[in-house]
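Trainee: Hey, could you walk me through this one? I'm still new to reading these.
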Amino acid sequence: MRKKIAFKPVTLLLLLITFISFAKEDVKHEESGSDLKTEIKEYIQHHLLDSYDFNLFSYDNGEKHFGFPLPVILWDNGLKVFSSSKFHHGETVAEAGGSYYKLHHGKIYKVDGPNGEIIEDDHHHATNQKPLDFSITKNVVLIAMVFAIMFFMFSRMAKSYKKNNGMPKGTGRFLEPIVLYVRDEIAIPNIGEKKYKKYMSYLLTVFFFVWIVNLFGLTPIGMNVTNNIAVTLCLALITYLITTFSGNKNYWKHIFWMPGVPVPMKIILAPIELLGTIIKPFALMIRLYANITAGHVVLMSIIGMMFIFNNWLGSSLSFLLAFVLGILELLVAALQAYIFTVLSALYFGMAVEDHDHH
Amino acid sequence: MEELFGGFSLGLFFWQAVLFLALVFLLRKFAWKPILDSVNNREEGIKNALEAAENAKKEMENLQADNQKLLKEARAEREEMLKEARDIKNKMIEDAKGEAQDQANKMIKQAQDAIESEKKAAMAELKSQVAGISLDIAEKVVRQELSNKDKQLKLVESMLGEAKLN
């Protein structure tokens, strides 16, 4: 039994290197055989959270970290910028401009002094003040990386067209069918031949952004950007705003005064339709968030099961399952990007549709 | 639900919004516009080229049809010309024949006329000679008569024998 437990952290390290983007910071490792299930559960929960430093992996049971700190930017009676290394992975209180901050469950709280503590209420919620937080977190770094990759990739592709008389070269050869797919199978059928052009920039960007970000979530270094509700909310909000601002007379007429139904029904339908315009992007937000989060939770749970079973049959079956699920997640990464783009295009199409047939 | 929105981070939302919108605008300027324009141009080019090829093919067909028509016309014309030439030839032969016939007839007639007149002249001369001879004979007979009756008779007889030859 002792031998088994000693073995577990080592195998868990391998898991970390391949799938866990950042390690537990506040796990108090208990020498007397900590509960592996709880440990794995905590790993998964932490994996789903954002982080203030860029940890590639941890070892020695989460006491040593490999990675680099990221800047923390706070607005708390003035701008405060300091390195996240000051938190020492959540173990110490950071001081900046006369104020003291502490990490608690992946969030920054203000504390009274150098030895200040987080005060929790009955529901285990911290009651400390939260400063406005604009830190460059790990997810922000990843978004910036995807930004850079996409800009590099597509601006090069655009240049290769110019150099080769309108023919793509290199990555452009691979990317062009996808770009054309977005145009011919997503934008044109949903929005219409005449009006699709001005939405193409957004649709293409959102498609490739979500796809690449999801793929990064499956790499060992990656974290899953799209399982942050803030990111999916931002994307859904942009879709909502574009839909609302490009809505024509017909679109609003169908919301507030549905043609072809009796007047009492019109009055009942108006609030429902109005609510529907908000529910649609809300569903977009939740769908992307939930799919990626669920995928990661299930995948990591199955990887964790390998260590819980700890026998050749169960572990190898779990491995097989994890492998198959990993491939499925690759599909889901593209599928969610596709669904998000198609639904956005569909909403734009509804907003600009001409109802000639009425 | 509470956990869902408890995890909401304003900072991440802010950065995502800033970076994503910047990405949309940058890519629109530096990537999507040139890419889609190039693709559109290319598609347009292909479409035009196909159309041009189709047109050329049609033109070719027209040209070929024209050629065929021209050839047919030329053939018909040749046929016509040949026929005309044959007709002319026949007519010429016919004419020549007719004329030759006429000429021949005329010549024959002239010849006949000439013969007739020659004959008449000959007859007239004969007559006159016969008359002369007759006179001579008569003269000689008369002279002989006067000298010898027998001799005169013999003379007449011999004279007549001579005269018969004519």
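This is a predicted model: local features need pLDDT of at least 70, side-chain atom pairs count only at pLDDT 80 or more; totals for chains, interfaces and linings use all residues.

Trainee: What's the mean pLDDT of chain A?
Mentor: The mean is 79, and 86% of the residues of chain A reach 70 or more. pLDDT is the predictor's confidence in each residue, from 0 to 100.

Trainee: And where in chain A is confidence lowest?
Mentor: In helix α1 (residues 2-19) of chain A, with a mean of 48, whereas α5(A) is highest at 92. Helices here are DSSP runs of H or I with at least four residues, strands are runs of E with at least two, and both are numbered from the N terminus. Residues 1-7 of chain A stay under 50 and have 2 contacts beyond four places in sequence in the model. A contact means that two C-beta atoms, placed from the backbone, lie within 7 Å.

Trainee: OK, new topic. How many helices and strands are in chain A?
Mentor: Chain A has 9 helices and 8 strands. Three of the strands form an open sheet in the order β4-β3-β8 (chain A), with antiparallel pairing. Two strands count as paired if DSSP finds at least two bridges between them.

Trainee: Why do β4 and β8 of chain A have one side without a neighbour in the sheet?
Mentor: Because β4 (79-83) and β8 (132-133) of chain A stand at the edges, each with a single partner strand. Strand β3 (residues 71-75) of chain A pairs with β4(A) over 5 bridges, and I73(A) has V81(A) as its bridge partner in β4(A).

Trainee: What about the contact between the chains: how many residues does each one put in?
Mentor: Chain A gives 34 residues and chain B gives 30 residues. On the chain A side, α3(A) gives the most, with 13 residues. That side divides into 23 nonpolar, 8 polar and 3 charged. Ala, Val, Leu, Ile, Met, Phe, Trp, Tyr, Cys and Pro count as nonpolar, Asp, Glu, Lys and Arg as charged, and the others, Gly among them, as polar.

Trainee: Last one: how far apart are the end C-alpha atoms of residues 36-121 of chain B?
Mentor: They are 123 Å apart, and that stretch of chain B is 100% helix and 0% strand.

Note on methods
Residues are numbered from 1 along each chain as its sequence is written. Chains are lettered from A and ligands numbered from 1 in the order in which they are written.
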